[in-house]
Amino acid sequence: MAQGTTPDGEGAHGASSKGAGAALSYGARRSGAPSEDRQFLDEQWARVRVRLRHEVGENAFSSWLKPLTLVGPRGDKIRMAVPSRFMRDWINGNYSQRLAELWAEERSMSVGIEVVVQPPARPTPRNLQDSPPLGSPSGTSASGTEVAGQSGKASTPSTSRTGTPSSRSARSEATETDGDRASSTPMTTGGTDMRDLEISASLDPRFTFDKFIVGKPNELAYAAARRVAEAEAVPFNPLFLYGGVGLGKTHLMHAIAWHLRDHRPEKRVIYLSAEKFMYQFIRALRTKDTVAFKEQFRSVDVLMIDDVQFIGNRDATQEEFFHTFNALVDQNRQVVISADKSPNDLEGVQERMKSRLGWGLVADIHPTTYELRLGILESKAESVGVTIPRRVLEFLAHKITSNVRELEGALNRIVAHATLVGRSVTLETTQEVLTDLLRANDRRVTIEEIQRKVAEHFNIRITDMHSARRARSVARPRQIAMYLAKQLTSRSLPEIGRKFGGRDHTTVMHAVKKVEELKGTDHRFAEDVELLRRMLEG
């Protein structure tokens, strides 16, 4: 018999040798005080745990058996609880037989094992103590447990070992109450794993359906997002939203998450960027914790991935995302995805992934119209507490056409200037405050246009702008194009890098520095760059 030490300091061997007498004592005292019965049952469970720890090893025990808690006897069964369905299924498939055998030794009778899903009690933050409790998760009993069904019984002891996974970290479960919204609220609802809180991106309380201005360019995407948020069953899978920067994709995804949080709190939802998904996957590979990673993402009710184009040319991440996507769709769980291009136009994405992403509803968010931009500005102006003349709003709607994010940023700058300097908002002050932004929007130069002009000038192919070729005849024009993209557009360094074959932002920084150095030492090179700039600005 395996040796070990119980939490009370009692050896496992000695404890098991007293099993029969202990079971009889328990049976003789069943009509006694409930607290004594529970204490006696806990002692038996402690001895079972010690023996399991010794038999399966510390790693497997910590990963799978340590989270197992004792609920109590139910007829001829012992009921135990785990925090997730995935863990329940694993224990039923790998450990239930041995658990039944060890309990049979302790109780001197045939014992059945029943494993249920029972998320831990939800914490109540101090500022949310008066909030109503969330609803019970679907598929749970009144006691908050999800019954797994009866596992096999054992009438005779055995010393067989159970299989264990390669590696997995122990998991703790927690949920959050549904209270007042605060800025940067992590997106998790329902029976939430604590690791969901680490994984999920924060939600912006401004991004709700009520605050989304609907117009012809975005009406289909808006209607589809509302249907996903409000439907009892999955209406289309996946919902794929695509459009340019700052047109409302992220707003709609946050709005879906907020609606589910408010109206379907039992739903388990994860919202995050594709970059964070990739980071979590790489971390799981490094820590050899892929089992936990798979469980984390494949057991949710709604998975929302923002900016999925970032996993282009990341084969291992695409492979994992492909299988996660299929697992959720097969279980009829909702998937919502956003990108800057339609599925068929995504660069560096496998064909089978493009096909899967186009399975459901693909909704395009078109560039804003003047009427939509004016409506957005009027709605924003109502909430800032500063009087904005309609003439100024119309001027901004005409001049700033790139995206909604820049439009709102311009309005915020005007309001900040009026508040801090104490001057009223006029068309003249608006033009003064937004000189740089208005100049940039007058140009309306795109990275694609820069790449095309530079490629024509140096007589190279446009595909060379995205390729991995490092020959100077290709690399130097590519660096010039990156430099001009930084000078003539409002795109960030990471965004520019992604337009050049998914390069890192440090590569763009190096290109800008290199071009500036060459302009100072090579007169002909400087003339080429200046000529290209004039061509693009004209």
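**View A. T429 is a buried residue of a predicted model**. T429 has a relative accessible area of 10%, so this residue counts as buried (under 20% relative accessible area, with exposed over 50% and partly exposed in between; 1.4 Å probe, protein chains only). T429 sits in helix 17, residues 427–433. Helices (H or I, at least four residues) and strands (E, at least two) are DSSP runs, numbered from the N terminus. Beyond its neighbours within four places in sequence, T429 is in contact with R423 and S424; contact means heavy atoms within 4.5 Å.

Two notes apply to every view. The model is predicted, with local features needing pLDDT of at least 70 and side-chain atom pairs pLDDT 80 or more, while totals for chains, interfaces and linings use all residues. Residues are numbered from 1 along each chain as its sequence is written, and side-chain values use heavy atoms, leaving out hydrogens and water.

**View B. Strand 1 and strand 2 form a hairpin**. Strand 1 (residues 69–74) and strand 2 (residues 77–82) pair in the antiparallel sense over 5 bridges. Pairing requires at least two DSSP bridges between the strands. L70 has M80 of strand 2 as its bridge partner. Between the strands lie 2 residues, and G75 takes a positive phi near 65 degrees.

**View C. Helix 5 has buried residues on one face**. M87, R88 and I91 are buried in this helix, residues 85–94. Seen down the axis, the buried residues fall within an arc of 105 degrees, so they line one face. The arc is taken from the directions from the helix axis to the C-beta atoms.

View D. Strand 8 and strand 9 pair over 5 bridges, and I270 stands opposite L303 in strand 9.

**View E. The largest nonpolar core has 28 residues**. Such a core joins buried Ala, Val, Leu, Ile, Met, Phe, Trp, Tyr and Cys residues through side-chain atoms within 4.5 Å. F240, L303 and L357 are among the residues that touch the most other members. Helix 12 gives the largest share, 5 residues. Contacts of L357 include P238, F325 and V362.
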